Amino acid sequence: MSQAAPTGAEADHDTIAMLDDSAADFCARALDVARVRTLRGATPPFDGAAWREMCELGWAAILAPEAAGGLDLGARAVGTVCRRLGSVAAPEPVLECAVGAVALLSALPEPPAVLGEIVAGERLLVAALAEPGEFVGTPPTPPRASAAADGFVLDGRLRQVPLAAAADGWLVVAELDGAPALFLVTAADPGVTCTTRALADGSNAGDLAFAATRLGAARLLGRGDAVSAAVARARGHATLGCAAYLVGLAEQAFAITLDYLKTRQQFGRPIGSFQALQHRAVDLYIQMIMAGSVLDEALAEFDAAGDATARAVAASRAKYRANEAALLITRQAVQLHGGIGYTDECNVGLYLNRALVLSARHGTATFHLRRLAELLEAADDSLDTRPETLPPAPPNGEWDKLSDVDFRRVVRHFFETEYPAAMRYPSARPRWAEIKPWYLKLSARGWVAPAWPAEHGGMGLSPAKLLVFIEEQERWGVGRAPDMGIQMVGPLLIRHGTEEQRARYLPPILAGENVWCQGYSEPNAGSDLASLRTEAVADGDEFVINGQKTWTTLAQDATHMFCLARTSKEGKQQEGISFFLIDFKQPGVTIRPIRNIAGHEEFCEVFLDDVRVPADCLVGGINKGWTIAKALLGFERIFIGSPKQSQYCLKRLEVMAEAGGLDGDPAFAERLARLKLDVLDLETTYQRFADIVRRGEALGPDVSLLKIWGTETFARLSELMVEAAGAEGAVTGKFAVGDAEVDVMSQFYNARPATIYGGSNEIQRNIIAKNVLALPG
């Protein structure tokens, strides 16, 4: 690279940013996607001049150690470049050589001299990294090597070596004396045959055959456990690089399609104005964002991981989601373009063909699904749930000073020893009288508001620690208290309230003295909240409020309600709404519970007749309620879209699967594994938005994707629970499953309104289509 790489944590960020700028500039200047058509079937099937310039830019040096002329920057740097290359469907051998081969040689205890030649752009070597499990049918066996005079003899075959015919040589792992050994083999070596196979994107792969191929002693680059470890690390890098490329590819294919939806006219209007296509585009957008979020997390975790299992999990998670997103987006890109999308002149076909090739390389989605099922089960079993000694609590509640593992142990121990056993996995949402003692216990410990800043009485947890806290709650079946004060009112007042309001309302929330409910929805004003008719009229230093709220959760247990009311009928509907805090202890408040389809009185109607509210209970100023409400809806959507419900349901489903022997059913096991990854990827995407809240920034309309994915994942889990229960799938209440108890119907019923409240998922898709994707109305 033309500039020296800075050092240190901040410098690493600077290096990545500099690398990204360089890659973006080069791709825009020299790698127009249309050139891919001229390279299809060529020899080699890439631009040699472009590849040499990539080497000059330092891309072949990213993973190499400094001793070999490399930069030693790690997975994040590789991912940055590969993501940019995916955006232009570049066929140059970055993945095959600069990632796979360089990673393999760099991971050896003593990297060979040929590594420096690759870094300098003088040699093009390809590593044969395909695993037997990637192939359908009888898996190939590795070649065998035997010692001979002055060297070795190699026999055997390798399948699907990418760009084999274009390479100067191949890095081949063979069995030597019962242990793995790494050899450098070239096409000029005796007994070598390379049979080229054309691939969908116009590139090729080679099947290599070695028949008594004699190799000099210097061709042995390493052997034994060191080779096994190097291959595992190189496969991880290659898998992540491939995932990053697919994410960049998916992002660009989506951008092309989105532009087409905005400009293509049918029936006298842009096709992107049709709601059916808008919602389809939103679902593609969700997959794209999730794939990017998982990739970013996986790259960071791979670089930070101290063991091979953690690196394997990170790489497989990224590749699974990237495969799913890239194939879905490119297939739908063809569909949304109509007939032109099926022609070669439309670029989306180039992206589809490239996605087909790379989604098959380094593991299909099914391959990684099965691998993750094994790896994650082993990781779950490895956590010591009751360590002999717990780590000491950090001074001044600085929880981020604990590792995630130690923090999990502390939280798990507390829940297991302090939460009432009789209240685990409640069938219905606990009422305040039932859950109050637990709430007060959390309050006394300072744990009742884990996401609040410490200066306001919360735990001040980072998003990662908050997820651990949530996971342990759901694992132990901790019931959810009426928590609108914690989840909604507190964060709202911390950001938008006055000092007096914070001093007045926050301490009673933490102490359990004030219990809050939400007064948003009204008859005929649910998802269309701006049409609300509850009215607040100024009367001296008070407001008089009249109207009706509905679907108000557990209002019968609340002492207070935060409420939207109309204070002006001038201008747009949204401009005349104000935000009030109402104390229920006064005349004019009537609450009527509503029985739901499960037979529980979880929701209520609230009638407000001449209810008087002091002027200092107005939040954010007169007619500013819509701005406040949108911020609060952001909190609500991130809360509704949190992994809590899905984690809870997943744990119950895993118990059922184990007790009923369903984990041995391949079809069921695959469905469960997919849902488990959906929950994990929900957690990752949730962290992205939780980071925004943590930084004190406003949530944008894209937070709606979290609500969509979270609630629909919960619904799918609950439906699989019903199916897993078989003949007992419609039994109400708890029933025994092995040594545990489950309540299938409560999960199924709870999932039904989740996609409705907080703004139905159809409305959330409309919000994203209009305010994020800017599709025409």
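**Reading the model**

Modeller: The mean positions of the 75 positive and 96 negative charges of the protein chain lie 4 Å apart. Lys and Arg count as positive and Asp and Glu as negative, with His and the chain ends not counted; each charge is placed at NZ of Lys, CZ of Arg, CG of Asp or CD of Glu. This is a predicted model, in which local features need pLDDT of at least 70 and side-chain atom pairs count only at pLDDT 80 or more, whereas totals for chains, interfaces and linings use all residues. Residues are numbered from 1 along each chain as its sequence is written, and side-chain values use heavy atoms, leaving out hydrogens and water.

Colleague: How many helices and strands does the protein chain have?

Modeller: Helices (H or I, at least four residues) and strands (E, at least two) are DSSP runs, numbered from the N terminus. The protein chain has 22 helices and 20 strands. Its radius of gyration is 29 Å, close to the 28 Å that the globule rule gives for 777 residues, so the chain is as compact as a globular protein of that length. The radius is taken over C-alpha atoms, and the rule is 2.2 Å times the number of residues to the power 0.38.

Colleague: Which residues have the most contacts inside the largest nonpolar core?

Modeller: In soluble globular proteins, nonpolar side chains tend to be buried together. A nonpolar core is a set of buried Ala, Val, Leu, Ile, Met, Phe, Trp, Tyr and Cys residues joined through side-chain atoms within 4.5 Å. Buried means under 20% relative accessible area, exposed over 50%, and partly exposed in between (1.4 Å probe, protein chains only). The largest core has 196 residues, and those with the most contacts inside it are L85, L171, F562, F579 and I582. Helix α7 (residues 225-263) supplies the largest share of this core, 19 residues. A second, separate core of 21 residues includes C649, L675, A715 and V742.

Colleague: Is D150 buried or exposed, and where is D150 found?

Modeller: D150 counts as exposed, at 74% relative accessibility, and is found in the loop between β2 (144-148) and β3 (151-162). Phi of D150 is near 65°, a positive value in a residue other than glycine. Q160, in strand β3, also is not a glycine and has a positive phi of about 55°; at 29% relative accessibility, Q160 counts as partly exposed.

Colleague: Which residues does a cis peptide bond join?

Modeller: A cis peptide bond joins T43 and P44, with omega about -5°. P44 lies in the loop between α2 (36-39) and α3 (48-56).
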